[in-house]
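Subject: Structure handover

Hello,

Here is the structure for you to look at. My notes on what was found in it follow below.

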Amino acid sequence: MNSALMLRRFICVNASATLSSVAPSPKKKPLIFLGSPKVSVIVLEALLDASSAPNSSFEVAGIVTQPPARRDRGRKVLPSPVAQYALEKGLPSDLIFSPEKAGDEAFLSTLRDLQPELCVTAAYGNILPTKFLNIPLHVNCLLGDEAFLSTLRDLQPELCVTAAYGNILPTKFLNIPLHGTVNIHPSLLPLYRGAAPVQRALQDGVEETGVSLAFTVRKLDAGAVIASKSFQVDDQIKILCGKNYAGSKLLIRELPSIFDGSAKSEAVPQDDSKATLAPKIAPDEAWLSFDQEAFILHNKVRAFAGWPGTRAKVLVLDDKSGQQNELELKIITTRICQRTEVLNGEQDYVTFKKGSLVFPCGGGTALEVLEVQLPGKKAIDATAFWNGLRGQKLKKL
């Protein structure tokens with residue numbers, strides 16, 4: 001093989017498996033998984049667990065991930081989180097591919113030899129070329145594509161499960177599974193139907209939310225609810241990392257009733273008159289307007305902590321030189337100021353009090369900012385930022 005076409009692969013010291021010795025079993029459908037960051041590991045873990053079941057109809061025949069890159073504080077060259085996880089799980093290194101480009105002919109040739117029937121991507125990070133897309137049987141097809149639906153019918157599924165899938169399922173799809181399609185939705189339906197239920201609930205400052213298991217219908221998140229579980233929203237927004245776990249437990253608990261048909265007859269129809277929407281978050285929503293009251297801004301910071309974050313513009317004033325410098329701050333953590341004393345003429349100025357930057361807000365309220373981050377810099381606490389001003393004044397914009 002020409003050295004220019006050599007693939008970057010991860011080599012284990014004790015790994016001696018070859019492509020022929022680990023070829024997919026003819027009894028199971030070979031599946032290729034594509035992913036790179038930590039969030040993809042969750043999907044891969046679920047696929048491996050499911051494929052290891054005695055009655056599983058598929059197996060993970062290969063993994064495609066981003067090449068090793070410099071990461072972490074030491075800037076060491078490390079494999080992607082997906083590759084690390086796969087190696088830890090004992091997958092042969094010969095089946096972990098990390099091509100610079102998904103169109104590398106050497107890589108594509110090896111992929112063809114695996115004869116995959118399906119490829120699954122989860123935050124892979126590369127654009128897939130036509131040469132790649134032509135290899136698997138069911139890659140990048142439309143949900144309404146008749147060839148795909150025909151194959152799905154041949155599988156004779158009794159149930160389909162979705163969790164943050166991201167596409168609307170056509171009626172032709174929904175009619176195939178014997179027991180229907182169910183969806184794990186992180187809200188107490190009919191509240192917060194839509195793409196961002198967790199973030200919108202936090203933004204609204206609700207004290208309680210939850211997760212629902214509901215049948216999927218053509219209308220957005222409007223199917224009858226099989227079961228739900230409510231929980232309190234704490235100030236550390238643990239809901240963001242716990243919702244999938246809670247939903248998985250709910251699904252496993254209710255599977256017997258779904259398969260015996262009792263769930264369909266006992267599911268509770270949603271009251272559309274009580275429905276609220278949770279639209280997708282737009283990047284420009286990240287900006288804070290201090291004309292709003294402090295509790296609104298605090299809830300927004302909590303809601304957008306993962307993405308897109310929250311930002312504010314401030315003006316640094318040097319009274320000695322008369323210079324002004326506009327800064328963009330990413331607001332990391334906040335709390336509502338319990339006692340607000342804003343003197344006349346200081347409504348636009350940021351002050352420092354007991355480890356926090358105090359921003360005057362609408363309605364005579366104030367927001368305490370505990371952590372900030374400058375563009376290209378690490379997050380720092382308010383004390384460090386204030387000390388860095390060296391006596392200069394800070395004005396909100």
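**Ile336 and its surroundings**

Setting aside residues within four places in sequence, Ile336 is in contact with Ala294, Phe295, His298, Ala366 and Glu368. Please keep in mind that this is a predicted model. Ile336 belongs to strand β12. Its relative accessibility is 32%, so Ile336 counts as partly exposed; the buried class would need a value under 20%. Between Ile336 and Val369 the C-alpha to C-alpha distance is 8.8 Å, although 33 residues separate the two in sequence.

**The chain as a whole**

The chain has 397 residues, and 41% of them count as buried. Its secondary structure consists of 11 helices and 17 strands.

**Helix α10**

How many residues of α10 are buried? The count is 8 of 10, and the helix is mostly covered. The buried residues are Ala294, Leu297, His298, Asn299, Lys300, Val301, Arg302 and Ala303.

Helix α7 covers residues 197-204 and helix α10 covers residues 294-303. Their axes come within 7 Å of each other and cross at roughly 160°. Angles over 145 degrees count as roughly antiparallel, and α7 and α10 are therefore roughly antiparallel to each other. The crossing of α7 past α10 is right-handed.

Which residues make the contact between the two helices? On the α7 side they are Gln199, Leu202, Gln203 and Asp204, and on the α10 side Asn299, Arg302 and Ala303. By type, the residues of this contact divide into 2 nonpolar, 3 polar and 2 charged.

As for burial in α7, the buried residues are Pro197, Val198, Arg200, Ala201 and Leu202. Leu202 is also one of the residues that meet α10. On the α10 side, Asn299, Arg302 and Ala303 belong to the contact and are listed among the buried residues of that helix.

**Before and after α7**

Is Tyr192 buried or exposed? Its relative accessible area is 8%, so Tyr192 is buried.

Following α7 comes Gly205, with a positive phi near 75°. Val206 is placed in the loop between α7 and β9 (208-215). The relative accessible area of Val206 is 24%, which means that this residue is partly exposed. Residues up to four places away in sequence left out, Val206 touches Tyr192, Ala201 and Val233. Val206 and Gln232 are 26 residues apart in sequence, and their C-alpha atoms are 8.8 Å apart in space.

**Two further places**

Helix α2 runs over residues 81-88, and Pro81, Val82, Ala83, Tyr85 and Ala86 in it are buried. After α2 comes Gly90, with a positive phi near 85°.

Arg390 has a phi near 50°, a positive value in a residue that is not glycine. Arg390 is in the loop between α11 (382-388) and β17 (393-396).

Regards

Conventions
Residues are numbered from 1 along each chain as its sequence is written. This is a predicted model: local features need pLDDT of at least 70, side-chain atom pairs count only at pLDDT 80 or more; totals for chains, interfaces and linings use all residues. Side-chain values use heavy atoms; hydrogens and water are left out. Axes are lines fitted to C-alpha atoms, for helices over the stretch in contact, and angles run from 0 to 180 degrees between N-to-C directions. Helices (H or I, at least four residues) and strands (E, at least two) are DSSP runs, numbered from the N terminus. Angles under 35 degrees count as roughly parallel, over 145 as roughly antiparallel, 65 to 115 as roughly perpendicular and the rest as oblique. A crossing is left-handed if the near helix is turned anticlockwise from the far one by less than a right angle, and right-handed if clockwise. Contact means heavy atoms within 4.5 Å. Ala, Val, Leu, Ile, Met, Phe, Trp, Tyr, Cys and Pro count as nonpolar, Asp, Glu, Lys and Arg as charged, and the others, Gly among them, as polar. Buried means under 20% relative accessible area, exposed over 50%, partly exposed in between (1.4 Å probe, protein chains only).
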